[in-house]
Amino acid sequence: MIGRFAALAALMLAVAAPAQATTLIDNVEGIAVHRDGSIDRFAAMVIDDEGRVVELLDFGDKPTVKIDFREDGKGRVVIPGIVDSHVHLMDLGLAQLSLDLTGATSLDDALARIAAYAARHPDRPWLVGFGWNQENWGPGRLGRFPTAAELDAVVPNRPVWLTRVDGHAGWANTKALEAAEITAATADPAGGRIIRIAGGKTPAGVLVDSAAALVNAAVPPPLAE
């Protein structure tokens, strides 16, 4: 009886255990990119039963593990997976050349940074930046969006356009609104909203979501250099 139970238990374990298998894919033109940025070319790779590459082999190399299956790559090119990590790479790069307001702790702090930036760059026809977040402005928080009038107080003579930290809104001064031809008669575009001064239709200075494209279209594109 004990023998039968032991045999049954062994059979159940054998059935429940996942099959361990490794696959050799050879005859490929492989290119690997290491963490330090260096490039390695290979002719074959060994993949374990979990789909992980465990060995890269040059021409003539032998696998160091037992191979269960072999696939002929037929000379195809193999490269690392190209994965979209949704980082807006160009925007991040251009942001390094513009005004960063991510550390601003209050509206006054943000305005002081904007004024200082304008003083450092007197020849730029537009001042562009990013990173403001009115939700982080002081212990009591601003509780509202900033306005064009507040930007005008520090930069009245040039267009200023500042993208919110999440990319879903932009803050413009009066010159930027004029350059984009945004007036009280401008309708909210589909998927966006022009924040208005309370009690009327006059734009207050912040444009949300697709409405920001109205100002973006007026901002001169970056020079190639």
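The largest pocket of this predicted model holds about 1,300 Å³ of space, where a pocket is an open set of points on a 1 Å grid over the protein atoms alone, with a 1.4 Å probe fitting at the points and protein on both sides within 12 Å along at least five of seven lines. As the model is predicted, local features need pLDDT of at least 70 and side-chain atom pairs count only at pLDDT 80 or more, while totals for chains, interfaces and linings use all residues. Residues are numbered from 1 along each chain as its sequence is written, and side-chain values use heavy atoms, with hydrogens and water left out.

**The largest pocket**

- The lining of the largest pocket is made up of 33 residues, and Asp91, Leu94, Ala95, Ser98 and Val128 are the ones nearest its centre; a lining residue has an atom within 4 Å of a point.
- At least two lining residues come from each of helix 2 (89-95), strand 7 and strand 8, and strand 7 gives the largest share, five residues.
- By residue class, the lining has 20 nonpolar, eight polar and five charged residues, with Asp, Glu, Lys and Arg counted as charged, Ala, Val, Leu, Ile, Met, Phe, Trp, Tyr, Cys and Pro as nonpolar, and the others, Gly among them, as polar.

- Six strands form an open sheet in the order 6-7-8-9-11-10, with mixed pairing; strands are DSSP runs of E of at least two residues, helices are runs of H or I of at least four, and two strands pair if DSSP finds at least two bridges between them.
- Strand 6 (99-100) and strand 10 (192-196) each have a single partner strand, so one side of each is left without a neighbour in the sheet.
- Strand 7 (residues 127-132) and strand 8 (residues 160-164) run parallel and are joined by five bridges, and Val128 has Trp161 as its bridge partner in strand 8.

- Asp26, in strand 1 (residues 23-33), is buried, with a relative accessible area of 15%; buried means under 20%, exposed over 50%, and partly exposed in between, with a 1.4 Å probe and protein chains only.
- The side chains of Asp26 and Arg70 make a polar contact at 2.9 Å, that is, a pair of N or O atoms within 3.5 Å, of which, within protein, one must be able to donate a hydrogen and the other to accept it, and residues adjacent in sequence count only if both atoms are side-chain atoms.

**Positive phi**

- Lys74, in the loop between strand 4 (69-72) and strand 5 (77-78), has a phi near 55 degrees and is exposed.

Note on methods:
Points joined across faces, edges and corners; volume = space filled by probe spheres on them.
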